[in-house]
Protein chains: 2
Amino acid sequence: MSEKIYIGVDFGGTKILTGAMNDKGEMVCEPVKVSTNANDDSGKIFKRVTDSIEGVLKKIDSSRLAVNSEKYKVEGIGLGVTGPIDIKNGVILECPQLPTMHFYPLKKMVEGFFPLPVYMNNDANCLIYGEALFGSGKGMNSIVGFTLGTGIGCAIVMDKKILNGSTDSAAEIWPSPYLDGTIEDYVSGSGVSKIYKVICNAGKAQQTADKTALEISQLAEKGDPDALKTWEEFGTHLAVALSWSVNLIDPDIVILGGSISNAYKFFSSRMEKELRKHLCPTPAERTKVVCANLGANAGFIGAASLALNNV
Amino acid sequence: MSEKIYIGVDFGGTKILTGAMNDKGEMVCEPVKVSTNANDDSGKIFKRVTDSIEGVLKKIDSSRLAVNSEKYKVEGIGLGVTGPIDIKNGVILECPQLPTMHFYPLKKMVEGFFPLPVYMNNDANCLIYGEALFGSGKGMNSIVGFTLGTGIGCAIVMDKKILNGSTDSAAEIWPSPYLDGTIEDYVSGSGVSKIYKVICNAGKAQQTADKTALEISQLAEKGDPDALKTWEEFGTHLAVALSWSVNLIDPDIVILGGSISNAYKFFSSRMEKELRKHLCPTPAERTKVVCANLGANAGFIGAASLALNNV
């Protein structure tokens, strides 16, 4: 019996990362990584996507001609694309990170190129989908996941399906109201920078220069009290986003991914303390918050999982 | 062919309302209403539940002996019980409104009494479930509903199923953090009273007496400026609960029920204005917020729908 293989493409504004996995979520070859060069015209970028898929097909000893070899059967291709996208129709919308590809019917185009079923969702959903099925959420039925990076991404996975919602906007919590603005003003990379600046400048005549979340994390590593305080405050704000999400969905587990989750040890204690106060009694006792564990591969594994589960 | 009939029991701390419907959600007789007398011992209260079911069975010309008559077939019984309850096992937990029935295995007991399948969920979920299937949400696939009464109840219905969550706590948003406390401190009957008191007492030496949400609604009806201002402020707070919920679930529609939704005309304009600011672009344009329309019958219709959909 031939092994079933699924291709996943993590298609962002900076890079295109393409890989292949079997039905257990195990990678079957090294992924292929190319730069997006997002300002090139759409045809060139599309070619990079198909080239990287072909690169992976070659790597798994399965060229387009050999798709139906006896050893392997490539079952489908999943695309995880930086949003906003029209999930149902597989079209890129007015995505700021892909300025030349607005209204590009990517799913149809890839379908025309490979004799395989093609699936498409947004990259943040795919990242959490990969983690939910084959990473930190493995074996769980309902998962709420967050990607904490430049902004706050969120995705909900139930019964092995991504909740897309009525208008493909489910789990898009970034504009939700919090304090004087939105939750994303506080729970995001720029949020961390702002919190740090306020803490540093308190009572000082001279203004501190802007620092990135990564720099503030490095300062915390060295024991810098302002940086440590920043991450604690971030933990308080993150707990707000988590409590609304857990109270609404009551998931089996919460997963934190994205670059900012690398600072977990600096914010987790405060976040846990605040979160438990804001939850219903049973989730307060039981619902665990964990870090993502697939690293940079989560996105294409999640995209490949779209093909695995035909969703 | 016999008509399929489903019995629903709306079992609260004050009253037990029991009715019967067909598979289109149409009532097939007048419901039976009795007082709970919640301080009586559990055996007496249980008898009131079974008596009211028998009363309804008689009304539909279908006694226990005639359950399988040729004209009717009673297919099952649904129980909507004031919470907290253990949904999976059909057990009443430490419910403050049913002090003598803690850990009462109601579902099993009713199963022992009638030769019919029995289903159980909490009353707030059933109310929204009834509205979702046969009231304001009819024809929609995903619904977020709120019961605005003494507290803030919420339920999520997707694909004709109530989302129960991992620990039967899905949609329990009441402890979610907001301003100096929880969202329920503001979006609830007592929240309305508090808002009114603060508005009335602003800059006055003498304290205003407490007023209920109903009284504040009656004052608003007469054009009282403090009451009108109270409902506008309530609209702002309600918009916060709604925006987190809509941003997470991205439902087809939002339904507002419960006694406080009767003041809709006083808070809706402000609520709509604030809500649209806090949503993602597409839901901000498309997602409608409407009032419940089944009135007091929503609870037992929702409970009967548990039996209809075997959930």
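Rings of Phe, Tyr and Trp, the last taken by its six-membered ring, pair when their centres lie within 6.5 Å. Planes over 60 degrees apart make a pair edge-to-face. In this predicted model, that rule gives 17 aromatic pairs over all chains. One of them joins Tyr178(A) and Tyr186(A). Their ring centres are 5.3 Å apart and their planes stand at 80 degrees, so the pair is edge-to-face. Both Tyr178(A) and Tyr186(A) are buried. Chain B has a pair of its own: Tyr178(B) and Tyr186(B), with centres 5.3 Å apart and planes at 80 degrees, so this pair too is edge-to-face. Tyr178(B) and Tyr186(B) are both buried. Elsewhere in chain A, ring pairs link Phe46(A), Tyr104(A), Phe113(A) and Phe114(A) into a cluster.

Now turn to the interface. Here 37 residues of chain A are in contact with 37 residues of chain B. The two chains bury about 2,900 Å² between them, and 67% of that area is on carbon and sulfur atoms. Three residues stand out on the chain A side. Pro177(A), Trp244(A) and Leu248(A) supply 29% of the area that chain A buries against chain B, more than any other three residues.

What holds for charged and polar pairs across this interface? Between chain A and chain B there are zero salt bridges. Polar contacts are present: 22 residue pairs, both residues at pLDDT 80 or more. On chain A, β9 (152-158), α7 (225-249) and α9 (281-286) each supply at least two residues of the side that touches chain B. Helix α7(A) gives the most, with eight residues. By class, that side of chain A has 21 nonpolar, 11 polar and five charged residues.

Salt bridges do occur in the structure. Side chains of opposite charge can pair when their charged atoms come close. The total over all chains is 26 salt bridges. In chain A, Asp10(A) and Lys15(A) meet at 3.7 Å, N to O. Asp10(A) is buried because its relative accessibility, 11%, falls under 20%. Lys15(A), at 25%, is partly exposed.

Arg270(B) bridges to Glu232(B), with the closest N and O atoms 3.0 Å apart. Arg270(B) lies in helix α8 (residues 264-278) and Glu232(B) in helix α7 (residues 225-249), so the pair ties together parts 38 residues apart in sequence. Arg270(B) is partly exposed at 29% relative accessibility, and Glu232(B) is partly exposed at 36%. Glu272(B) and Arg276(B) form a salt bridge at 2.8 Å, N to O. Both lie in helix α8 of chain B, four residues apart, about one turn of the helix.

Technical notes: Residues are numbered from 1 along each chain as its sequence is written. Chains are lettered from A and ligands numbered from 1 in the order in which they are written. This is a predicted model: local features need pLDDT of at least 70, side-chain atom pairs count only at pLDDT 80 or more; totals for chains, interfaces and linings use all residues. Side-chain values use heavy atoms; hydrogens and water are left out. Rings of Phe, Tyr and Trp (its six-membered ring) pair if their centres lie within 6.5 Å; planes under 30 degrees apart count as stacked, over 60 as edge-to-face and the rest as tilted. Buried means under 20% relative accessible area, exposed over 50%, partly exposed in between (1.4 Å probe, protein chains only). Contact means heavy atoms within 4.5 Å. Buried area is the accessible area (1.4 Å probe) that two parts lose on being put together, summed over both. A salt bridge is a side-chain nitrogen of Lys or Arg within 4 Å of a carboxyl oxygen of Asp or Glu. A polar contact is a pair of N or O atoms within 3.5 Å; within protein, one must be able to donate a hydrogen and the other to accept it, and residues adjacent in sequence count only if both atoms are side-chain atoms. Ala, Val, Leu, Ile, Met, Phe, Trp, Tyr, Cys and Pro count as nonpolar, Asp, Glu, Lys and Arg as charged, and the others, Gly among them, as polar.
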